[in-house]
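Please look over the sequence and the model below before reading on.

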Amino acid sequence: MASSTREQILEVTTALLSDVGAAAVSVRDVCQAAGVTAPTLYHHFGDKQGLLEAVAAQGFERYLATKQTHGPSADPVSDLRAGWDRHVEFGVTHPAFYQLMYGPTGRRSHAAEQQGLQILHAMLVRLAEQGRLSMTPDEAVPVIHAACVGTTLTMLSNPDNPAHRGLSERVRDAIFAAVITHPSSDEDPATNLSTQASTLLATLAGQRDLALSPGERLLLTELLSRWTA
């Protein structure tokens, strides 16, 4: 019964968020719609902030579920493009959740957010291992994530704006063009060396079980970084 009551409160709060937004949702409205008393809500969530944090956490769980149902394909670029599109689609389809998760007053579930970023990082490591990144995976993650979140929030701010039609695709393609490179020609030794060094850097970053001491790892990282400059 306790679990069903908690789920009922979360479901009602999500519906109210979709109708009036987080700022206008009150504990009184939630209790009335859910058919519970204020002490019952406080028992499960502590206060309004705790309730909104629980709704945001539920949003992250739903978002991660959409990402985890799609395993990696043979083409990391296609995976990256599909991941961007699914992120934007989730935000447009679940605006109440998304505003709580990523809006200016967002209540992020840091563990869930990190899990999502790790999935993105793994895609970028695969690209780097093929010599197809213009920067390291650690540098590319915040670039892509910030652009994708910013694009989604812009679209949600005015869904009927005709200028937003096709916005996600335009920003995605521009960001990917800056981050992803084409395989370099073997006829250019300097470029080839830089690409190989970048590939080794990405491999080194993604492998934590190599038989290297901390000092050896640091030295190798420094040398490879010089060759990529």
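**Salt bridges and their surroundings**

With a relative accessible area of 23%, R126 is partly exposed, and its side chain meets that of D79 in a salt bridge, at 2.9 Å from N to O. This is a predicted model, and by the rule used here the salt bridges in it come to three.

*The pairs in detail*

- D79 lies in helix α5 (residues 76-93) and R126 in helix α7 (residues 110-129), and the pair links distant parts of the chain, 47 residues apart.
- Buried means under 20% relative accessible area, so D79, at 10%, counts as buried.
- The side chains of D85 and R172 also meet in a salt bridge, again given as 2.9 Å from N to O; because D85 lies in helix α5 and R172 in helix α9 (residues 167-179), this pair ties together parts that are 87 residues apart in sequence.
- R172 counts as buried at 9% relative accessibility, whereas D85 counts as partly exposed at 31%.
- R172 meets D173 in a salt bridge as well, at 3.0 Å from N to O, and D173 counts as partly exposed at 39% relative accessibility.
- Through these contacts, D85, R172 and D173 are linked in a network of salt bridges.

*Nonpolar cores*

- The largest nonpolar core has 29 residues, and among these I9 and L41 touch the most other members.
- Two or more residues of this core come from each of α1 (2-20), α2 (27-34), α3 (38-45), α4 (48-68), α6 (95-102) and α8, and α4 gives the most, with seven residues.
- Because domain 1 (1-46) and domain 2 (58-179) both give residues to this core, the core lies between them.
- Leaving aside residues up to four places away in sequence, L41 touches I9, V27, V30, C31, G46 and L51.
- Another core, of 22 residues, lies apart from the largest one, and its members include L127, V141, A147 and F176.

*Helix α8 and an annotated stretch*

- Several residues of α8 are buried, including P137, V141, I144, C148, T152 and L156.
- An unreviewed UniProt entry lists residues 26-45 as "DNA-binding region"; over residues 26-45 the chain is 80% helix and 0% strand, with its end C-alpha atoms 14 Å apart.

Technical notes. Residues numbered from 1 in each chain as written. Predicted model: local features only at pLDDT ≥ 70, side-chain atom pairs only at ≥ 80, totals over all residues. Heavy atoms only, no water. Buried < 20%, exposed > 50% of the residue type's maximum accessible area, 1.4 Å probe, protein only. Helix = DSSP H or I, 4+ residues; strand = E, 2+ residues; numbered from the N terminus. UniProt positions renumbered as here; feature names shortened; annotations may be inferred. Core = buried A, V, L, I, M, F, W, Y, C linked by side-chain atoms within 4.5 Å. Domains from an automatic or database assignment. Contact = heavy atoms within 4.5 Å. Salt bridge = Lys/Arg side-chain N within 4 Å of Asp/Glu carboxyl O.
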